[in-house]
Amino acid sequence: VGDLLRRRGNPQRAAATVRADTRRVLAERLGLGPDPQPAALVGVVAARTGRSSDEVGAALYGDPAAPIASADSLVALVRTLDVIRQEVLHVAIR
């Protein structure tokens, strides 16, 4: 996270990079193609993880009311995305 933050220059840009990578990996693994509609990706991920669509959407696409403004919030986002990725891939592998 520190290296990503250093390369991107600010937490919001680093968060955008991490989110885009997570969306790409999840979409590919779920067979949704390289650039699925946000609602489609959020719906499938929410169904696979048992999380709410609002929570998944905020993690994958951001929440304007809660921008990533610090290194601590970036770390929290990366942790959340990592758990979501693990939940989806674990269920998808079964």
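Which residues does R23 touch, not counting residues up to four places away in sequence?

Modeller: Happy to! This is a predicted model, in which local features need pLDDT of at least 70 and side-chain atom pairs count only at pLDDT 80 or more, while totals for chains, interfaces and linings use all residues. Residues are numbered from 1 along each chain as its sequence is written, and side-chain values use heavy atoms, with hydrogens and water left out.

Leaving aside residues up to four places away in sequence, R23 touches L41, L60 and Y61; contact here means heavy atoms within 4.5 Å. R23 sits in helix α2. Helices (H or I, at least four residues) and strands (E, at least two) are DSSP runs, numbered from the N terminus. R23 is partly exposed because its relative accessible area is 23%; buried means under 20%, exposed over 50%, and partly exposed in between, with a 1.4 Å probe and protein chains only. Y61 is 38 residues away along the chain from R23, yet their C-alpha atoms are separated by 8.6 Å.

Now for the helix pair around R23. On the α2 side R19, T22, R23 and L26 take part, and they meet A58, A59, L60 and Y61 in α4. By class, this contact has 5 nonpolar, 1 polar and 2 charged residues. For those classes, Ala, Val, Leu, Ile, Met, Phe, Trp, Tyr, Cys and Pro count as nonpolar, Asp, Glu, Lys and Arg as charged, and the others, Gly among them, as polar. The axes of α2 and α4 come within 8 Å and cross at roughly 120°, which makes α2 oblique to α4. Axes are lines fitted to C-alpha atoms, for helices over the stretch in contact, and angles run from 0 to 180 degrees between N-to-C directions. Under 35 degrees counts as roughly parallel, over 145 as roughly antiparallel, 65 to 115 as roughly perpendicular, and the rest as oblique.

L41 and L60, two of the partners of R23, are also among the residues with the most contacts inside the largest nonpolar core, along with L26 and V45; that core has 19 residues. Helices α2 (11-29), α3, α4 and α5 (71-93) each supply at least two of its residues. A nonpolar core is a set of buried Ala, Val, Leu, Ile, Met, Phe, Trp, Tyr and Cys residues joined through side-chain atoms within 4.5 Å. In soluble globular proteins, nonpolar side chains tend to be buried together. V45 touches L26, L30, V56, L60, I84 and V88, again without residues up to four places away in sequence.

Another arginine is worth a stop. R51 lies in the loop between α3 (38-49) and α4 (53-61), and it counts as buried because its relative accessibility is 19%. The side chains of R51 and E87 make a polar contact at 2.8 Å, that is, a pair of N or O atoms within 3.5 Å; within protein, one must be able to donate a hydrogen and the other to accept it, and residues adjacent in sequence count only if both atoms are side-chain atoms. Beyond four places in sequence, R51 touches A46, V56, V83, I84 and E87.

As for the whole chain, its secondary structure comes to 5 helices and 0 strands. Of its 94 residues, 31% count as buried.
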